[in-house]
Amino acid sequence: MNSSIFITRRDFLKLSGFGLGGLALGQFLPPAVAHAARAVGSLDANGDGYIPTMCEMCVWRCGVLAKVREGRVVKLEGNPDHPHSKGRLCARGQSGLLNTYDRDRVLTPLIRAGKRGEGRFRKVSWDEALDYTAEKMLAIRDSYGPEAMIFSSTHNLSQVQFENLLNGFGSPNYGTQRSLCFNAMVTAFQLTYGVEEPARNYENVEFILLVGRNLTEAISTSETGDLMDALARGAKLVYLDPRFTKTAAKADEWIPIRPGTDSAFLLAMIHVIVKEELADCEFVKKYVVGCDDLPNAVEKYTPEWAANLTGVPAATIDRIAREYAAAGKNALVHPGWRTSNFVNSFQTERAIATLNALSGNVLTPNGCLIAESPEASSVPLGKPPQPPYPRISARRLDGVPWKYPLVPLKLGVFQELRDAILTGEPYQAHGWFISRQNPVLSLPDRGRTLQALSKLDFIAVVDILMNDTAWFADVVLPEASYLERLDPLHVVAGKVFIRQPVIETQGEARSALWIYKHLGERLGLGEYFQYADEEDYLRQQLAPLGLSLEELRLRGFVEPEIAREEPEEITFNTPSGKIEVYSETLAQAGFSPWPTWEEPPYPKPGEFYLLTGKVAQHTQFGTQNNLQLHKYEDEPRLWMHTDPAAERGLKTNDLVTVTSPVGSVKVKVLVTEGIRPDCVYLTPGYGHLSKGLRTAYGHGASDSDLHATYTDPVSGGQALSQTFVTVNKA
Amino acid sequence: MKKRYGFVIDVARCIDCRACQVACSVENRVPDNHTRIWVQDLGVQGTFPDLQRVFVPYNCMHCENPPCTEVCVSGATWKDPNTGLVLVDQEACIGCGFCVDACPYNARYLDEQRGVVDKCNGCLQRVEAGLEPACVATCVGGARLFGDLNDPDSAVSTALREARSVVRLDIEDGGVDPDPNIYYLNLPQMDSLDLTAHTGQPLVTQSGTLPRSPKYSPAEVGWKKVLTPLVLAGVGASFLVQAVYFTKQLIDGESEFDE
C-alpha cells in the first residue's frame, strides 16, 4: 500500500480536534478523496464509511451510498434520499464498482501505433495526447473549416462543457445517439405538450397501457418499483409487445401485436373514446386544440379496421378503449422511452399523447402524467462565465433542420451523420471527437460505420474502457469512472445532487471536466473553461444559492429553499398554449396535423421482423465487460417461435445464420413460445469487436451487423425493428 | 426473546432483474463461478399467446430442521439459536462437502479456492449493523422481505398474517421435514403451473397456517441418528440422494425456456 495514502488514527484525531482548522490543514494532505470524505465526516479514521454519490450505469441517475473500506469501494447501496433510487439499485447499479475495477480499464492516454483496428497503441503522457489531439483538430479546422470536425457525446452530466467544446470550436455537427433511442417520443411530446418527456406518477393509477415499454427489463429503478407497487395494489396492466417479455409475464393482459401497427391499435382506441364520448370533455374542451374535429380525423380508424392490421380482435380493442376511459384521470398510456422502432413510430407517440390528453390525466393534482416543464421545478445554479459562441454558418451533416425540419437540434439524426461521412454530402467530414459513446455498436449497419471511420483523418475517443470505437481510434483519452470523479451537479425534484469520487482516481485517468478544459485550452478555447478544477466548477454552480460544497459532499444533496409561485392559469409550452392534438406546426412542415396511420413495410414470406429490446442486466453497449453482469446475464441467443423453428429443424442452442439486407451473423437460437411466429429477437450490445474487452470480446452477435438504416422523416428516429431477416441452420 | 430470522418473498413482485444476485455477490465476495442466491425461472408455460412465466427467488431456507447441519463432520455448520440462521464457521470447515449434498435446496457450494463451504448467511454482518440483507435492501420489485418471525410486529410476520396464501418449498418425501424459513406469497396455483412435472413428487406444499412451530417427529430423530454415521462413513443415504435429485431437478431441470 502506498504509504502516502495511509493516515493514522492519531493523525485523524488531531485533525478532528482542530475542527475547521484541521479541515483547512487537511487540504494540503494527500490523498484528496479520502481526505475530503474524512473532512466532512463520511469516512472514519481508518478510511471506512459511506460516501454519497450518483450512479452512472444508465441515465436514470440513482442516488448511491458507496461503502468504502481502506481506500477501496466494496459495495454500493441505493440512497434512500434520492427520488430515483429510493434506497434501491438495479443489477447494473449494484455492479457499478466492477466497471471501476475492470481489469480492462484504460488508465493511461494512448496513441495508435499500428493500423486502425489492429489494437496497437503506445502509452503517452497527457501532454503528448492532448497536444497531438489539438494539433490534429486544428489542422482539420485550418484545412476544411471547423464543421469538418464531428463531436459526439450523449446525456452525460458533463454535457454542458462538451457542448462548449463543439460550439466554441465552431462545428454544427453534434451527434447524440438520441435518434437511436427516444427521438419519436420527445418530438411528439414536444409538439403536443411542449415538454420533452412528461413524468409518470403511479400513486393513484388504476389502468396502465404500456406500448412496448418493457419496464421490468428496461429498468428505471424508482419507476419500475412504482409500477410493481401499483400492480400489487390492483392496478390493471395491459401490455403491447410482439414478445413475451418479463413485463408481459407481469401484465394482466399481454397483446402480442403485429410489429409496426401500434398506432393502428391506439388510433382505434381514440376512435372508440371520441365516438362514444367517453373522454373527460370538460378538460378536453378547455385544454386541447382540435377537440371538435378529432372525431372526423379518426372516423375511419374503427376497431374492425385496426383488427386487420394489428391482428388484435376488434372486440378486444373496443373493450380496452372503454376500460381505459372508465379509469378516467387514473389511466395512463406510458409515453415510452426507446421508441425507435418503425418509420411510423412518431405517429405511435402522437397517438399516445392524444390518448393521455383525452383522459385528462395531465395537470390534475396527482395526475398520472406530469406535463410540467422541467424549468418549473429547476434550481437556478450558477456556471462559470463564458463568451458567446462563434457564429456557425455551415449546415449540419445530419440534415437537421434542412432535411428534417422538426427534429430538435439537440437530438439530431445520428445515423444520417454517419452516412454523410460516407457520401461526403453536403461536405466531407474529416475528424470525429467521441466521448463515452460507441457508434460502432450502436449505429445500424456496422459495416457502413466501420467504412465511415476508415474515411476519417482523425478519431479521438474518451472512455474508461477500450470500447469498440476506441479500438479504431487514433487517440484514446482515459476518463475517470463515475466513482472516481466530480461531475457538474444534477437537480432532481428541487434537490441538488452531487456525483463525487469515492476512491482515488486510478492510473492517469481524468474527469471529463478536466479533459475538456485542458483540450479546450490547447484549442484556444480557454475562455469557455473558466474553472480552476472540478471543485471550483461546483463552487461556481453553488455560489448563487449560497450553499456549501461540504454539506453537499456529506449528505449527497442539498435542498435550496426557493419560493415558487403556483401559476394561476395552466398553459402548455406550445404555440397555442394548449395540448396540440391538432398541430399547425406539423401541418406547416408538410406532415399530417393529426395523429395518423402510416403503413409500415411488412416482411415477405419466409422473412422475420428482427426485434430489438433490453435486458435488466445491461445498459446499451457499455456494460458487457462487467464481470458481475456477465455472471448473471442470460446467454445471448436469437429468440424464435416454436413453429418456424420446427419447420427449420431447429432446437434450442442450434447455431443459425441470420441474414438481413446489409449483413449476416451466426448465433445460437432459443426456441420459445414467447414470441410471435413472424418475429425473431436479438438482445443488442453483444458481438464486441474490441479485443481490449476481454470479457465481452467475441461473446454473442451484434444486431448492428444486421440493422438496415431507415429513418422516420418527422422525428429522425432510426427504425430499429424494421429490418427483415431470414434464418437458417448454420 | 430469541430471534428467528426468515424471508418472505412475494413471487408476484419478482421481475427476475437479478439485482439481488449481484448485490449478494458483491456484498459477500462470492467467487465468479458460484452464487449464494438464485432466481428460478419456471419457464414460459402454455401455448402462444396464452402464456405464463413465474420467477421464484431463493437462497438458503434457514430451515428449522436443517439436514445440512446434521451431517457436518467438523461441527462447522450449525443453526444459530440466537438468530435462527444456519451459519458456517469457515475457520472450522474442512470442505468435505457433505452438507452441500445434504441440502435439499442445493443452496450451498464448495469454494474450491478456499476449500470451504459457503452459503447465504442472511447477511448477518449487515443485520447486526442494522441493515437489511443486501438482496432485500435492493430488491427493485419489492419482492423480498427479511425479519424476525418471532416478532409479531416485524414486516415478515405482518406480511404472513395478511397473506391470502403462503407456500413453502418443502420436501415431504423421505420422512423428513426441513421446515424451511422462506415463505412465498402469490405463487400461482399448481394446476395452472405444474411444479411437479419434473419430479413426479410434490415439492411445493400449500399451507394457510404458516409459519408453523418447529418440531421434530420421532421418525426424524431416528433418521438423524441413523443417517449421520452413515454419511460419515461415506455411504450415500437413499433419502439424501433422492432429496438432492429432486432439488437438482428443480434447479437445473429447466433452462430458460425449455418446455
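Tutor: A residue is called buried if 20 or more other C-beta atoms, placed from the backbone, lie within 10 Å of its own, exposed if 12 or fewer do, and partly exposed in between. The model is predicted: local features need pLDDT of at least 70 and side-chain atom pairs count only at pLDDT 80 or more, while totals for chains, interfaces and linings use all residues. Residues are numbered from 1 along each chain as its sequence is written, and chains are lettered from A and ligands numbered from 1 in the order in which they are written.

Student: What percentage of the residues in chain B is buried?

Tutor: Chain B has 259 residues. Its buried residues make up 47%.

Student: What percentage of the residues in chain A is buried?

Tutor: Chain A has 730 residues. The buried share of chain A is 59%.

Student: How many helices and strands are there in chain A?

Tutor: Helices (H or I, at least four residues) and strands (E, at least two) are DSSP runs, numbered from the N terminus. Chain B has eight helices and 13 strands. Chain A has 25 helices and 27 strands.

Student: What is the radius of gyration of chain A?

Tutor: The radius of gyration is taken over C-alpha atoms, and the globule rule is 2.2 Å times the number of residues to the power 0.38. The C-alpha atoms of chain A fill a box of roughly 80 × 60 × 50 Å along the principal axes. For 730 residues a compact globule would have a radius near 27 Å, which agrees with the value for chain A, 26 Å.

Student: Which helix gives the most residues to the side of chain A that touches chain B?

Tutor: Two residues are in contact if their C-beta atoms, placed from the backbone, lie within 7 Å. By that rule, 38 residues of chain A are in contact with 30 residues of chain B. Elements of chain A that supply at least two residues each include strand S3 (72-78), helix H9 (221-233) and strand S25 (664-672). The most, six residues, come from H9(A).

Student: How many residues on that side of chain A are charged?

Tutor: Ala, Val, Leu, Ile, Met, Phe, Trp, Tyr, Cys and Pro count as nonpolar, Asp, Glu, Lys and Arg as charged, and the others, Gly among them, as polar. The side of chain A that touches chain B has 15 nonpolar and 14 polar residues. Its charged residues number nine.

Student: Are H11(A) and H14(A) roughly parallel or roughly antiparallel?

Tutor: Axes are lines fitted to C-alpha atoms, for helices over the stretch in contact, and angles run from 0 to 180 degrees between N-to-C directions. Angles under 35 degrees count as roughly parallel, over 145 as roughly antiparallel, 65 to 115 as roughly perpendicular and the rest as oblique. The axes of H11 (residues 262-275) and H14 (residues 303-310) of chain A come within 9 Å and cross at roughly 170°. The two helices are therefore roughly antiparallel.

Student: How many residues of helix H8 of chain A are buried?

Tutor: H8(A) covers residues 183-193 and is largely enclosed by the rest of the structure. Its cover includes helix H16 (345-359), strand S21 (579-580) and helix H23 (584-588) of chain A. The number of buried residues in H8(A) is 11 of the 11.

Student: Is A:Thr612 buried or exposed?

Tutor: A:Thr612 lies in the loop between strand S22 (608-611) and H24 of chain A. Its contacts beyond four places in sequence are A:Pro684, A:Asp703, A:Leu720 and A:Ser721. Because A:Thr612 has 20 C-beta neighbours inside 10 Å, A:Thr612 counts as buried.

Student: What is the phi of B:His62?

Tutor: Most residues other than glycine have a negative phi, and most peptide bonds are trans. B:His62 lies in the loop between strand S5 (55-59) and helix H2 (67-70) of chain B. B:His62 is not a glycine, yet its phi is positive, at about 45°.

Student: What is the omega of the peptide bond from B:Phe48 to B:Pro49?

Tutor: B:Pro49 is in the loop between strand S3 (45-47) and strand S4 (50-52) of chain B. The bond from B:Phe48 to B:Pro49 is cis, with omega near 0°.
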